[in-house]
Amino acid sequence: MRIEVSIPSQTLDLHDKNDVVRRYRISSAKNGVGQENGSFCTPLGRHIIRAKIGTGQPVNTVFVKRRPTGEIYTPEFAANFPRRDWILTRILWLSGCEPGFNRLGKVDTMRRYIYIHGTPDSVEMGKPGSIGCIRMRNQDLLELFDLVEAETEVDIRNT
């Protein structure tokens, strides 16, 4: 299995060899693509899933710093935190594979805490809106999470 993310089409494809077995709508960074720490952009290039986080947690579990807070997202709960960037349900933590481009130094994807993660159902998919991560619908992420392993290749493209 391998994952290909298309920034222009705002899709994530799961490949088994050369066949696309699943396609999901996503939301990448509203600031566009970029490698630099602090840019709030989605990094391009070859990555791997370094860690899978959240196994067994309920749908809409709230994560802060990759840890479940014990809270469950609801619109009413969210009203208390209007500026929070919600990371929900599961996390696939990405690590770059290209030294100097998306790995090490000021361009290190993992140290930028770039994830594929769940988001509230109210967040629009198919258009950029995150602060760097790849957002997915929670149900789609649950399915993807169960289909991939740590070390799965992830290619993020702007073509």
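**Loops, strands and cut-offs**

Modeller: Leu104 is placed in the loop between strand S7 (88-96) and strand S8 (115-119), where strands are DSSP runs of E with at least two residues, and helices are runs of H or I with at least four, both numbered from the N terminus. This is a predicted model, in which local features need pLDDT of at least 70, side-chain atom pairs count only at pLDDT 80 or more, and totals for chains, interfaces and linings use all residues. Residues are numbered from 1 along each chain as its sequence is written, and side-chain values use heavy atoms, with hydrogens and water left out.

Colleague: Why is Leu104 called partly exposed?

Modeller: Leu104 has a relative accessible area of 43%, and buried means under 20%, exposed over 50% and partly exposed in between (1.4 Å probe, protein chains only), so the label is partly exposed. Leu104 also has a positive phi, near 75 degrees, although it is a residue other than glycine.

Colleague: What makes strand S2 (residues 11-16) largely enclosed?

Modeller: Five of its six residues are buried, so strand S2 is largely enclosed by the rest of the structure.

Colleague: How do you know that S1 and S2 pair?

Modeller: Two strands pair if DSSP finds at least two bridges between them; strand S1 (residues 2-6) and S2 are joined by five and run antiparallel, with Val5 opposite Leu12 in S2.

Colleague: What makes S2 and strand S3 (residues 19-27) a pair?

Modeller: Six bridges link S2 and S3 in the antiparallel sense, and Thr11 stands opposite Arg25 in S3.
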